[in-house]
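Please look over the charged side chains in this model with me. My notes follow, point by point.

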Amino acid sequence: MDARSFAARLGDRGGRWLARRFGVDPRALAALRISLGLLLLADLALRSRDLVAFYTDAGVLPRSVLREEFGGIAALSIHAHVGSPWAVGLLFLVSGAFAVALLVGYRTRLATVVSFVLVVSLHARNPVLLNGGDSMLRRLLLWGAFLPLGSRWSVDALRRTRAGAQGDRNRTTGALRRIANVASAALLVQVVLVYATNAVYKLRGDLWLNGDAILYVFGLDQLTVRLGGVLAQYPTLLRAFDRVWLGLVVTSVGLLLLTGWARAAFAALFVGMHLGMALTMRLGVFPFLSIAGLIPFLPPVFWDAASAKLRQSRLGTRLDDWADDADLGARIDPLLPERRSSLGVRRGVRRRARRLRGPVVGSLLALVLVWNAAALGYVALPDGVSESADPKEYRWDMFAPEPRTADGWYVAPGRLASGERVDVFHDREVRWDEPPDVAASYRNVRWFKYTMDLRASAAEPLRPHFADYLCEEWNANHDERVERVALYYVEQPIRLDGPDPTNRVKLYEGSCGSA
């Protein structure tokens, strides 16, 4: 064998090695698309409960305050151009429509891009509410925009049947075992970076290394729900879970290195831990977004086995008949808007887009790697960049390097015109003692995140607006008006070996309308 043949074979083997680890099964991309569509709809539905409070001028963060306190971030928000409830509600409906389009795979790439833009806009409208799940959602949509999320199980796939016979469709989609390119690599690397970064933070904290961190996490009554209170009674079991989770995030690069059933099993361990988080902690859609991010790691052997299992069932037979109907695309196509642009123009645009896709995705991936390295303190960004957006404020810490070691709840004493005092946040008499259910004292996970961030000294300018919102909310729903409001956080340091004391921290006091 000459040197050229050996090099070619070596390159061939290297390409297969990379494709097996950085390629994604088209069915996994379809499952990711469906998951993102469902999660977008769920997230919009949950946020819509507090549409006025968090996204309008009548809420806790009017647009003038957003621009003053957050500067350039406000420029990213389409939502920041409207302040009335009906206009914001209309944007929510538009977002929901594109989420449905993504869910069913209709004009998938357009639906993905627009959903990404609208999600960024919504998040920029009120940055105080954001958590790691929001960041994960943005990144999954970003990389998804460069991938064929609609190649399987979609309206787009069905529409393609009109352009060619069923055999042609099988050759273009069914026979393709993996999508392996820079975008697929970026998607997988992004998810691993989340866990690897978190592992670095955890290894810097003594509490995670000695096994006490998880006891403090489950000692946070404001966060634990459902089975969380039960598990908190079994510290030995919690420490065992802590060792498993720490081991998983430290070895998370295995998600990339493993292949076949080994990769599927390893990903399943992460999925199991995220489901455990959903059953024990009040984290909103965050655990489910994390699970969605793991779907692309499921290899072809998993999807082959799942398809074979489904095919054995009566439902599977019906789905196969439905999917194999060559006339189906022709039957549904008249129900959808006709594509009026010329074929030549579309092909030209697609060629140029494909040519640019690799360099653009590669540049974005390099930026993500540098950003994460800066968040960990391994590289320094230019002063102008770090001042406008500090990477450490957007890091994947998740209770690291040390978890919070103090629990707490809010009390908002308001003085009525009659002189009576009431808690205007909870709509009841003023109580300073620990609520029976601390987690339930926060209206939902977004209110929890908002009020937790409100304690920081940097959030001091936001407190009068929160107090004014509470005044307006109370006065709109009660006959007797509130004239003055104070905000207190009752802090309760967690002691693993004794009773927990409390400490009242006064955050603000002022007359209604003084913001």
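1. Is glutamate 434 buried, partly exposed or exposed? Glutamate 434 counts as partly exposed because its relative accessibility is 35%. Keep in mind that this is a predicted model. Glutamate 434 sits in the loop between β3 (421-423) and α24 (445-453). On the surface it belongs to a patch of negative charge, together with Asp221, Asp433, Asp437 and Asp500.

2. Aspartate 212 is also in a loop, between α12 (206-210) and α13 (213-217). Its relative accessible area is 19%, so aspartate 212 is buried. Leaving aside residues up to four places away in sequence, aspartate 212 touches Leu207, Arg239 and Leu496.

3. The salt bridges number 14. One of them joins aspartate 304 and arginine 27, at 2.9 Å from N to O. This pair links distant parts of the chain, 277 residues apart: aspartate 304 is in helix α19 (residues 300-312) and arginine 27 in helix α2 (residues 26-48). Aspartate 304 is partly exposed at 30% relative accessible area. Arginine 27 is buried at 8%.

4. Aspartate 134 and arginine 47 form another salt bridge, with their closest N and O atoms 2.8 Å apart. Aspartate 134 lies in helix α8 (residues 132-144) and arginine 47 in helix α2, so the pair ties together parts 87 residues apart in sequence. Both aspartate 134 and arginine 47 are buried. They also belong to a salt-bridge network with Asp43 and Arg446.

5. Glutamate 429 meets arginine 431 in a salt bridge of 2.9 Å, N to O. Glutamate 429 is partly exposed, with 43% relative accessible area. Arginine 431 is partly exposed too, at 35%.

Key: Residues are numbered from 1 along each chain as its sequence is written. This is a predicted model: local features need pLDDT of at least 70, side-chain atom pairs count only at pLDDT 80 or more; totals for chains, interfaces and linings use all residues. Side-chain values use heavy atoms; hydrogens and water are left out. Patches are made of residues with over 30% relative accessible area and no salt bridge: like charges are joined within 9 Å, nonpolar side chains (Val, Leu, Ile, Met, Phe, Trp, Tyr) within 5 Å. Accessible areas come from the Shrake-Rupley method with a 1.4 Å probe; for residues, only the protein chains shown count as cover. A salt bridge is a side-chain nitrogen of Lys or Arg within 4 Å of a carboxyl oxygen of Asp or Glu. Lys and Arg count as positive and Asp and Glu as negative; His and the chain ends are not counted. The place of a charge is taken as NZ of Lys, CZ of Arg, CG of Asp or CD of Glu. Helices (H or I, at least four residues) and strands (E, at least two) are DSSP runs, numbered from the N terminus. Buried means under 20% relative accessible area, exposed over 50%, partly exposed in between (1.4 Å probe, protein chains only). Contact means heavy atoms within 4.5 Å.
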